[in-house]
Amino acid sequence: MSIPAAFRRVLEDCDPEHNPDREPQLVLVYGDHRREFIEGFTISAMEEVDDKIAQLPRGSKPRRALERTFSGQAVQLQVNETGQIVLSPKLREKLGLSNQVFFIASGDTFQIWHPDTYEAQASAMDDYLDEFEDGFDVLTLLDATPGV
């Protein structure tokens, strides 16, 4: 799959080892059966996650769960010279991908979805937003307390 050019620049900027002679790297977190998408992290973003995991008590359930997801169910890849990455058959099968994907970027991460699955999730999000009154500005959620 082709990584959009704008996000390739983000990957380059967030890869400490990137140089003009080497394409940027990234980490794809595929997770277990509960994850309906594959999440791509820049190298810097993945280092931030790893640092936060390392701050948790060794052997704790949260740390083990996060280590399993972000280390054990992830793969590091390099973008090729044409700006593409190749998803393994395992990753394509996980999402039921054939020839189309839905790509959504957010800061220093992005998500890869099966188009139908993304559409169902988008519909569920619309239902959530419909719970708010007419004229509701979604930007006010930025000021909401965690967990809202």
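Predicted model: local features only at pLDDT ≥ 70, side-chain atom pairs only at ≥ 80, totals over all residues.
Numbering starts from 1 along each chain as its sequence is written, and side-chain values use heavy atoms, with hydrogens and water left out.

**Figure 1. The whole chain, for orientation.** The protein chain has five helices and five strands, taken as DSSP runs numbered from the N terminus (helices: H or I, at least four residues; strands: E, at least two). Starting at the N terminus, the order reads α-β-β-α-α-β-α-β-β-α. Along the principal axes, the C-alpha atoms fill a box of roughly 55 × 40 × 30 Å. Of the 148 residues, 32% count as buried; buried means under 20% relative accessible area, exposed over 50%, and partly exposed in between (1.4 Å probe, protein chains only). The accessible surface is about 9600 Å², and 50% of that belongs to carbon and sulfur atoms (Shrake-Rupley method, 1.4 Å probe; for residues, only the protein chains shown count as cover). Take the contacts (heavy atoms within 4.5 Å) between residues at least 6 apart in sequence: 59% of them join residues at least 24 apart.

**Figure 2. Two nonpolar cores.** A nonpolar core here is a set of buried Ala, Val, Leu, Ile, Met, Phe, Trp, Tyr and Cys residues joined through side-chain atoms within 4.5 Å. The largest one has 16 residues, and Leu26, Leu28, Ile38, Ile85, Leu87, Phe110 and Ile112 have the most contacts inside it. Helix H1 (5-13), strand E1 (25-29), helix H4 (89-95) and strand E5 (109-113) each give two or more residues to this core. A second, separate core of nine residues includes Val27, Phe41, Ile53 and Phe70. Zooming in on Ile85, and skipping neighbours within four places in sequence, its contacts are Met1, Ile3, Leu26, Leu28, Leu77, Gln78 and Val79.

**Figure 3. The largest pocket.** Its volume is about 160 Å³, and its lining is made of Trp113, Tyr118, Gln121, Ala122 and Met125. By class, that lining has four nonpolar, one polar and no charged residues. Grid points are joined across faces, edges and corners, and the volume is the space filled by probe spheres set on the points.

**Figure 4. Val27 in strand E1.** Valine 27 sits in strand E1 and counts as buried because its relative accessibility is 8%. Leaving out neighbours within four places in sequence, Val27 is in contact with Glu39, Gly40, Phe41, Ile43, Met46, Ala74, Val75 and Gln76. Leucine 95 lies 68 residues from valine 27 in sequence and 17 Å away in space, C-alpha to C-alpha.

**Figure 5. Gln111 in strand E5.** Glutamine 111 belongs to strand E5 and, with a relative accessible area of 21%, is partly exposed. The C-alpha atoms of Gln111 and Glu39 are separated by 4.5 Å, though these residues are 72 apart along the chain. Not counting residues up to four places away in sequence, Gln111 touches Phe37, Ile38, Glu39, Phe102, Phe103 and Ile104.

**Figure 6. Leu141, after H5.** Leucine 141 is in the segment after H5, partly exposed at a relative accessible area of 28%. Setting aside neighbours within four places in sequence, Leu141 is in contact with Tyr128, Leu129, Phe132 and Phe136.

Methods
1 Å grid on protein atoms, 1.4 Å probe; cavity = no way out; pocket = protein on both sides within 12 Å on 5 of 7 lines; lining within 4 Å. Nonpolar A, V, L, I, M, F, W, Y, C, P; charged D, E, K, R; others polar.
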